[in-house]
Amino acid sequence: MRTSKHGIEFIAAYEGFVNHPYCDSGGVWTIGYGHTGAGVSSMGTISHARGLELLAADVSNAEHAVNAVGLQLSQSQFDALVSFVFNCGAGTLAPSKSLGHALRQPAMKGVPAAMALYVRDAHRNVLAGLVNRRAAEGKLFRQNGANGPASWLSAKELRRSRELDKLRGLAARTPAQERRIAVLVSRLTAQRKLIWQKAQPKPTGDGEGWDHRYRRQRYRSLLARTA
């Protein structure tokens, strides 16, 4: 299996993004959602969409590790596990580990609970960001039916995003279609900015934060289409 496009957006929602090459704390040239490798130092400025393309290639090792377990998984289960392994490492899938053990049990019901154990940094401190990510991965693993943006975007956001994706996928576009793309980008940009504002602490925002009503995922999905 391969991670879905929606799964890549899910992972990106929890990874930092930098649109230009920079040296990380270890002196490694990095860009986008943590992409490294040959040629990064000369890549120049990239878009969020290009960052997602690089991320899709970077998760290949995590995909291989999940596929190697040999389980029958739904797309949402696979995406959730790839996100987890990309963040925590393939060693977590070993039978001796909490997650690996849960995956090998009937119906895999204990997987979300096993994921929730991995919320500490190297100093054994619980990080709120990891707590939120594990909860989202667990929810995605349990999910049946709608996947990716279909499960977190509002009906209007999803309709406009799908229309925009379809128009951008055309080999040739009419002037009217180009104008429609501009309108859709403008409306989705305005919605993205509204989500950002509401996610801020009071008094700028409503105080509910980024993990209220899938704001993090909604923001990243719209950002990938408008920036």
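In the predicted model, aspartate 165 and arginine 225 form a salt bridge through their side chains, with an N to O distance of 3.0 Å. Aspartate 165 belongs to helix α9 (residues 155–168) and arginine 225 to helix α11 (residues 215–226), so this pair ties together parts that lie 60 residues apart in sequence. Aspartate 165 is partly exposed, at 27% relative accessibility, whereas arginine 225 is buried, with a relative accessible area of 6%. Both residues belong to one network, in which salt bridges with shared partners join Lys5, Glu9, Asp165 and Arg225.

Arginine 133 takes part in salt bridges with glutamate 15 and with glutamate 137. In the pair with glutamate 15, the N to O distance is 2.9 Å. Arginine 133 is located in helix α7 (residues 128–142), while glutamate 15 is found in the loop between α1 (5–12) and β1 (18–23); the pair therefore ties together parts that are 118 residues apart in sequence. For the pair with glutamate 137, the closest N and O atoms are 3.0 Å apart. Here the two partners are four residues apart in helix α7, a separation of about one helical turn.

The protein contains eleven helices and three strands. Along the sequence, the elements are arranged as α-β-β-β-α-α-α-α-α-α-α-α-α-α. With a radius of gyration of 19 Å, close to the 17 Å given by the globule rule for 227 residues, the protein is as compact as a globular protein of that length. Along the principal axes, its C-alpha atoms fill a box of roughly 60 × 45 × 40 Å.

Of the 227 residues, 42% count as buried. The accessible surface amounts to about 11,900 Å², and carbon and sulfur atoms account for 52% of that area. When contacts between residues at least 6 apart in sequence are considered, 53% join residues at least 24 apart.

Technical notes: Residues numbered from 1 in each chain as written. Predicted model: local features only at pLDDT ≥ 70, side-chain atom pairs only at ≥ 80, totals over all residues. Heavy atoms only, no water. Helix = DSSP H or I, 4+ residues; strand = E, 2+ residues; numbered from the N terminus. Rg over C-alpha atoms; globule rule 2.2 N^0.38 Å. Buried < 20%, exposed > 50% of the residue type's maximum accessible area, 1.4 Å probe, protein only. Contact = heavy atoms within 4.5 Å. Areas by Shrake-Rupley, 256 points an atom, 1.4 Å probe, with all protein chains shown as cover. Salt bridge = Lys/Arg side-chain N within 4 Å of Asp/Glu carboxyl O.
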